[in-house]
Amino acid sequence: MLEKMVGVRESMETPGSQTSLHRANLERVVRAVRMAGSLTQAEIARSTGLSAATVSNIVRELKDGGTVEVTPTSAGGRRARSVSLSGDAGIVIGVDFGHTHLRVAVGNLAHQVLAEESEPMDVDASAAEGFGRAERLVKRLIETTGISPDKVIGVGLGVPGPIDVESGTLGSTSILPGWTGINPSEELAGRLGVPVYVDNDANLGALGELVWGSGRGVKDLAYIKVASGVGAGLVIDGHIYRGPGGTAGEIGHITLDESGPVCRCGNRGCLETFTAARYVLPLLQPSHGPDLTMERVVQLARGGDPGCRRVIGDVGRHIGSGVANLCNLLNPSRVVLGGSLAEAGELVLAPIRDSVSRYAIPSAARQLSVLPGALGGRAEVLGALALVLSEMGDSTLLESARSTATPVFT
């Protein structure tokens with residue numbers, strides 16, 4: 001009996017054992033490939049700290065198990081092998097609710113977008129209608145691509161407002177009054193039957209640009225989105241920083257003028273009251289018409305309209321004041337401007353840089369680059385795909401890739 005118990009104990013994975021170390025190295029390699037989309041073996045070695053020989057052996061094992069695919073490529077003029085997660089390992093879905101649209105994307109674990117579709121919608125009106133349309137659009141795209149629903153292992157969901165970390169509900173009913181008391185993750189998970197990971201649109205924009213766009217190659221950045229409100233998605237050491245209550249990045253409520261306009265948060269002179277569309281457009285509507293939109297303002301500014309150029313420049317200077325505060329507090333290496341305002345290019349970026357150089361600590365300002373987003377309106381839905389990739393467990397992925405059963409996530 002004692003010998004049997006000893007045998008069982010020795011077969012178990014114990015901390016520090018060769019078995020547990022090997023398992024940890026497998027998961028480390030899978031995590032690096034999962035977040036990057038594809039890496040050469042040399043890049044895997046650099047990002048994980050594992051030796052080239054160890055990486056080679058692990059990649060061979062993962063390839064034999066069906067977890068990764070290896071294809072010939074070149075790096076620095078030399079032949080190399082590119083490693084990506086298997087296209088058969090699972091499918092992820094991204095759902096982005098904007099105030100005026102619904103966008104859905106289908107992708108695989110190799111960071112390939114297989115299908116994408118957007119349709120106009122007044123998200124503020126009804127949560128039930130919004131989720132119903134999202135469910136129908138997701139199922140239509142899955143059917144269009146010919147993917148088995150059993151392959152879907154998770155959904156990333158973006159909403160235009162802060163998510164309360166403890167309750168999972170929207171933290172500000174003034175943003176989406178029709179969604180009061182709704183838990184978006186539970187609602188959509190109940191309809192689709194798979195795990196749903198939810199975050200606000202600014203955080204997802206940051207993730208999208210980090211993985212696919214202007215944030216590639218950096219570990220510390222801030223994604224600024226200016227629309228009906230102003231928010232910032234913060235990436236610190238390669239991870240989204242949400243804060244204990246999930247409200248980190250509410251840059252729109254930095255006070256610029258204590259005697260300024262009353263903000264929806266109840267304070268006066270918030271950054272949002274000088275930059276968000278609802279406050280900016282009335283400045284131009286008397287001369288440019290009541291149907292003016294921020295997209296149209298940007299278009300006119302690029303065409304030389306002096307009034308629109310002035311307003312865009314003023315907005316940029318105000319945003320730059322907020323960015324300067326971020327620089328002094330967090331010292332990011334890059335700021336990415338998203339939303340329709342980014343289409344104004346240097347008309348808005350130059351004033352942002354001017355304010356940063358004026359108000360930020362010189363050493364922080366020198367290290368900062370300010371760029372337009374590369375993904376445009378797709379940043380949030382691609383960020384929703386990236387959210388699933390970042391939240392899913394590597395251990396579970398290893399098991400599901402080797403099993404023909406429906407993937408199960410913890």
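Biologist: Before we look at the sheet, what makes two strands pair?
Modeller: Two strands pair if DSSP finds at least two bridges between them. Please keep in mind that this is a predicted model.

Biologist: In what order do the strands of the open sheet run?
Modeller: The open sheet has five strands in the order β11-β10-β9-β12-β13, and their pairing is mixed.

Biologist: Which strands stand at the edges?
Modeller: The edges are formed by β11 (239-240) and β13 (369-372). Each has a single partner strand, so one side of each is left without a neighbour in the sheet.

Biologist: Which helix packs on that sheet?
Modeller: Helix α12, residues 346-359, packs on the sheet and touches β12 (334-338) and β13. The direction of α12 makes about 160° with that of β13.

Biologist: And in what sense do β9 and β10 pair?
Modeller: Strand β9 (residues 221-226) and strand β10 (residues 230-236) pair in the antiparallel sense, over six bridges. As an example to locate in the structure, A222 has L234 in β10 as its bridge partner.

Biologist: Where is D237?
Modeller: D237 is in the loop between β10 and β11. Its phi is positive, about 55°, although D237 is not a glycine.

Biologist: Let us return to α12. At what angle do the axes of α11 and α12 cross?
Modeller: The axes of α12 and helix α11 (residues 306-330) cross at roughly 40° and come within 7 Å. The two helices are therefore oblique to each other. The crossing in which α11 passes α12 is right-handed.

Biologist: Which residues make the contact?
Modeller: On the α11 side they are R309, I312, G313, G316, R317, I319, G320, S321, V323, A324, C327 and N328. On the α12 side they are L347, V348, P351, I352, S355, V356 and Y359.

Biologist: How many of the residues in the contact of α11 with α12 are nonpolar, polar and charged?
Modeller: In that contact, 11 residues are nonpolar, six are polar and two are charged.

Biologist: Take S321 of that helix. Is S321 buried or exposed?
Modeller: S321, which lies in helix α11, has 18% relative accessibility and so counts as buried. Buried here means under 20% relative accessible area. Leaving aside residues up to four places away in sequence, S321 touches L256, S355 and Y359.

Biologist: What about N331, where does that residue lie?
Modeller: N331 lies in the loop between α11 and β12. N331 is not a glycine, yet its phi is positive at about 55°. At 36% relative accessibility, N331 counts as partly exposed.

Biologist: A change of topic: how many residues of β5 are buried?
Modeller: Seven of the eight residues of strand β5 (residues 101-108) are buried, so β5 is largely enclosed by the rest of the structure.

Biologist: In what sense does β4 pair with β5?
Modeller: Strand β4 (residues 91-97) pairs with β5 in the antiparallel sense over seven bridges. G94 stands opposite A105 in β5, and a hairpin of three residues joins β4 to β5.

Biologist: And over how many bridges do β5 and β6 pair?
Modeller: β5 pairs with strand β6 (residues 113-120) over seven bridges, in the antiparallel sense. G107 has V113 in β6 as its bridge partner.

Biologist: Which residue takes a positive phi in the hairpin of β5 and β6?
Modeller: H111 does, with a phi near 65°. That hairpin has four residues between the strands.

Methods: Residues are numbered from 1 along each chain as its sequence is written. This is a predicted model: local features need pLDDT of at least 70, side-chain atom pairs count only at pLDDT 80 or more; totals for chains, interfaces and linings use all residues. Side-chain values use heavy atoms; hydrogens and water are left out. Contact means heavy atoms within 4.5 Å. Axes are lines fitted to C-alpha atoms, for helices over the stretch in contact, and angles run from 0 to 180 degrees between N-to-C directions. Angles under 35 degrees count as roughly parallel, over 145 as roughly antiparallel, 65 to 115 as roughly perpendicular and the rest as oblique. A crossing is left-handed if the near helix is turned anticlockwise from the far one by less than a right angle, and right-handed if clockwise. Ala, Val, Leu, Ile, Met, Phe, Trp, Tyr, Cys and Pro count as nonpolar, Asp, Glu, Lys and Arg as charged, and the others, Gly among them, as polar. Buried means under 20% relative accessible area, exposed over 50%, partly exposed in between (1.4 Å probe, protein chains only).
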